[in-house]
Amino acid sequence: MADKTRDASVARFSINLGGIVIGLSAADKDSRFEVDPARMVFSSFRPPQVALRVHRVRRLPAMPAIARAVFDSKGLWSLIQAGRRYILDGRSDAEGKPDIRLILSADLSRGDVYVSRRSRPPQKSLPYPLGFPLDEILTILLLSSRRGLLVHACAVSRKGRGLLFVGESGAGKSTLARLHQKKRGAVVLNDDRVIIRRRGRSLRLHGTPWHGDAGVCSRLRAPLDRVFFIKHGAENSLRKLSKAQAVSSLIASSFAPFWDKRGMEAAVEVCARLADAVPCRELAFLPDETVLDFLDDKT
């Protein structure tokens, strides 16, 4: 579970997301920032592959003259490109101006996070500098160049085998997570956001801190063994999918970098390798323990 402890106030923090370690450190030695319990689960002592300095400023740095908008969510975030660099803007108020600006180096290995004092009351500790959805967007960027994908899914490790339950909101991901929590030998990695990483010829599932209604997240990982595209049904049943159906369904449920042609090509490649490597089925299920017995019989 993710919410058993209180937020921690720190000046330095590294988080491991799907094997990518992102390090955050306050530029001002007297500054600190809050880290919520779910992200603390994913803390790491490994050297960061992405090093970010956190600055508290009166005004965000100006946009470069060559900057162009890549994507604007019309809400909490927007992505800008300036030459080969990416700039990620965040808003605490969807209708307000940006109050967080992340400027990344061209190779995505380092950057600076600027947090504006304008819209935030004076306080000893800053909110987490990469709060929702900024760390998710950063992760999507990083995965696009590191052979991985963020998927809208529930992941479960059952006796060392990774099961991926893919589905849109309301399809039953949190229901399956709660049911598996009661099953001996099962560990829920996450009930809403899962990272798939390609390592050589194998694929691995990684939990993330961005959980759903079940509030479950784990830093564990598991080798991918089965993929189920889920929906509620009148009975528990499985239907085999073609490779094309599996790939298109997975892309539709992925948080892919659709603004980047090469990133999308890499995402499709991961999905195609997955469809070749592991069985993919559509799972219609009853929202009770019978689905677990059904999966035991069929997998």
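Modeller: Gladly! Let us begin with the lining of the largest cavity, to which α2, β12 (148-158) and α5 each give at least two residues. Helices here are DSSP runs of H or I with at least four residues, strands are runs of E with at least two, and both are numbered from the N terminus. This is a predicted model, in which local features need pLDDT of at least 70 and side-chain atom pairs count only at pLDDT 80 or more, while totals for chains, interfaces and linings use all residues. Residues are numbered from 1 along each chain as its sequence is written, and side-chain values use heavy atoms, with hydrogens and water left out.

A cavity is a set of points, on a 1 Å grid over the protein atoms alone, where a 1.4 Å probe fits but cannot get out; a pocket is an open set with protein on both sides within 12 Å along at least five of seven lines, and lining residues have an atom within 4 Å of a point. Searching the whole structure gives one cavity of 30 Å³ or more. The largest cavity has a volume of about 60 Å³, where volume is the space filled by probe spheres set on grid points joined across faces, edges and corners. Its lining includes Ile140, Leu143, Ser144, Phe255, Ala266 and Ala267. By class, nine lining residues of the largest cavity are nonpolar, three polar and none charged (Ala, Val, Leu, Ile, Met, Phe, Trp, Tyr, Cys and Pro count as nonpolar, Asp, Glu, Lys and Arg as charged, and the others, Gly among them, as polar).

Now to the open spaces. The second largest pocket, with a volume of about 180 Å³, has 13 lining residues, and Trp77, Glu136, Ile137, Ile140 and Phe255 lie nearest its centre. Ile140 and Phe255 also line the largest cavity. Helix α2 supplies three residues, the largest share of the lining of the second largest pocket. That lining has ten nonpolar residues, one polar and two charged.

The largest pocket has a volume of about 370 Å³. Of its 16 lining residues, Tyr86, Leu108, Ser144, Ser145 and Asp260 lie nearest the centre. Two or more residues come from each of β6 (68-72), α2 (134-144) and α5 (261-277). Six residues in the lining of the largest pocket are nonpolar, four polar and six charged.
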